[in-house]
Amino acid sequence: MKPSVKMGVIALIGICVVFYQYHLSTGVTFDQVTTFNTDNSADDTEVLPIDDEGDNYSKVSRLTENMVNNDMISQDYPSTAEIRYAVYRVQIANGLSPEISSLLVQELINQLSKNVSVTSRNNSKLPQTSPTTVHKATSQSRQSPPPDSEEHVEPLYIITPTYRRPEQIPELTRMAHTLMLVKNVHWLVIEDATVPTKQVTNLLTRTGLKFDHLIAPMPEKYKLKKGAKPRGVSNRNRGLQWIRANATKGVFYFADDDNTYDIELFNEIRKTQTVSMFPVGLCTKFGLSSPILKNGKFTGFYDGWIAGRKFPVDMAGFAVSVKFLQQRPNASMPFRAGYEEDGFLKSLAPFEPRDVQLLADNCTKVLAWHTQTKKNEPSAPLDMKLYGTTNLVKLKQQIV
């Protein structure tokens, strides 16, 4: 080989090495360079001829090439195929002979193999983190959640009796949006029905809350009774049954779907150790139902309808510890209209009014309101001849 040709080859090798070092420092890959060249030269779009590969590159050691390829792939280096293609493009552009191209490929692969070896040795010295260690760290973090995390907070069980009516879905929607702001809450929605209402199930599913949709129809003998009926009693007793079977800790609260609740209320009732009580607004002609405190001590109850009740309170005015309930397996709510709260609280014996745990800043805050939506008449039937093929059909399915 003439000296001038040798010098040219050496210079070309030097250029390729510099190009490769630039690739390492900038992260530019050979395929990115070839893409750039393709954009600038339509004549260079031909592919490296596979049939000529044995003649042009027969001097390359296949064993070494495979070893280098494996290491380069694992460390994000260019493969020998990319090197060959880059050299081939230089060969075409500069008129180099196949022999010189083959030497250039060999020299670049040798240089890469040295760099790969050095990188591998350096990586082997680095401390390795095993997947088991990571898993253990994750497990430890789960075992010790932050104090304000949902796992650390004891559960609240909200028992909501409901029944099919025009206001049912709107009122459950409003209540759902309140409960979505509460940590670790489990909503027991219990319908006075023989089968669950599909619209209610769909709503509960969309909220993302933990819930159970149960049914507990009022016994027929109470439905046929004249005068006031013990509404919601079978629902609440079904909720108590569920808690006895599924809960061991936390607090439960009877929350009707037509009430309005301050988000602070749920932080308060989470403090319940036995039975807690607190004021309820918009109750009876007095506009308020609440324990009475004088000089910070319990002295009685303020309610618009005492009626000889030992516990003249509203259903939304007390919460009970799950453990406290579990210790009283016979506690239940009586089917006696107007005396549901009183009968249930008395069934928690031994328990006296003086034992009540007073919340809401010593019963000075109203955090639950006995609001009631105006009763609506059922909607008129849809004229299917006029509207049977319109969107009104689907809309009417959501309206009672």
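Which lysine meets the side chain of glutamate 264 in a salt bridge? The partner is lysine 365, with N and O 3.2 Å apart; a salt bridge here is a side-chain nitrogen of Lys or Arg within 4 Å of a carboxyl oxygen of Asp or Glu. The model is a predicted one, in which local features need pLDDT of at least 70 and side-chain atom pairs count only at pLDDT 80 or more, while totals for chains, interfaces and linings use all residues. Residues are numbered from 1 along each chain as its sequence is written, and side-chain values use heavy atoms, with hydrogens and water left out.

Now for the overall picture. The chain's secondary structure comes to 17 helices and twelve strands; these are DSSP runs numbered from the N terminus, with helices being H or I of at least four residues and strands E of at least two. Of the 400 residues in the chain, 39% are buried, where buried means under 20% relative accessible area, exposed means over 50%, and partly exposed is in between (1.4 Å probe, protein chains only). Take the contacts (heavy atoms within 4.5 Å) between residues at least 6 apart in sequence: 72% of them join residues at least 24 apart.

Next comes the sheet. It is open and built from seven strands in the order β3-β2-β1-β4-β10-β6-β11, with mixed pairing; two strands pair if DSSP finds at least two bridges between them. At the edges sit β3 (210-215) and β11 (357-358), each pairing on one side only. Strand β2 (residues 185-191) runs parallel to β3, and six bridges join the two. Leucine 188, for one, has aspartate 212 in β3 as its bridge partner. Helix α11 (residues 233-246) packs on this sheet and touches β1 (156-162), β2, β3 and β4 (251-254). The direction of α11 makes about 150° with that of β1, using axes that are lines fitted to C-alpha atoms, for helices over the stretch in contact, with angles from 0 to 180 degrees between N-to-C directions.

Back to the charged pairs. Side chains of opposite charge can pair when their charged atoms come close. The count comes to eleven salt bridges. In the pair from the opening, glutamate 264 lies in helix α12 (residues 263-269) and lysine 365 in the loop between α15 (360-363) and β12 (368-369), so the pair ties together parts that are 101 residues apart in sequence. Glutamate 264 is partly exposed at 29% relative accessible area, and lysine 365 is partly exposed at 32%. Glutamate 268 has a salt bridge to lysine 271, with the closest N and O atoms 2.8 Å apart; glutamate 268 is buried at 11%, whereas lysine 271 is partly exposed at 42%. Glutamate 171 and arginine 165 meet at 2.5 Å, N to O. Both ends are buried: glutamate 171 has 3% relative accessibility and arginine 165 has 9%. A network of salt bridges links Arg165, Glu167, Glu171 and Asp257.

The whole structure holds two cavities of 30 Å³ or more, a cavity being a set of points, on a 1 Å grid over the protein atoms alone, where a 1.4 Å probe fits but cannot get out. Grid points are joined across faces, edges and corners, and a volume is the space filled by probe spheres set on the points. The second largest cavity has about 30 Å³ of space. Its lining residues, which have an atom within 4 Å of a point, include Met277, Phe278, Val313 and Gly317. Strand β8 (residues 288-294) gives the largest share of that lining, three residues.

Definitions and conventions. 1 Å grid on protein atoms, 1.4 Å probe; cavity = no way out; pocket = protein on both sides within 12 Å on 5 of 7 lines; lining within 4 Å.
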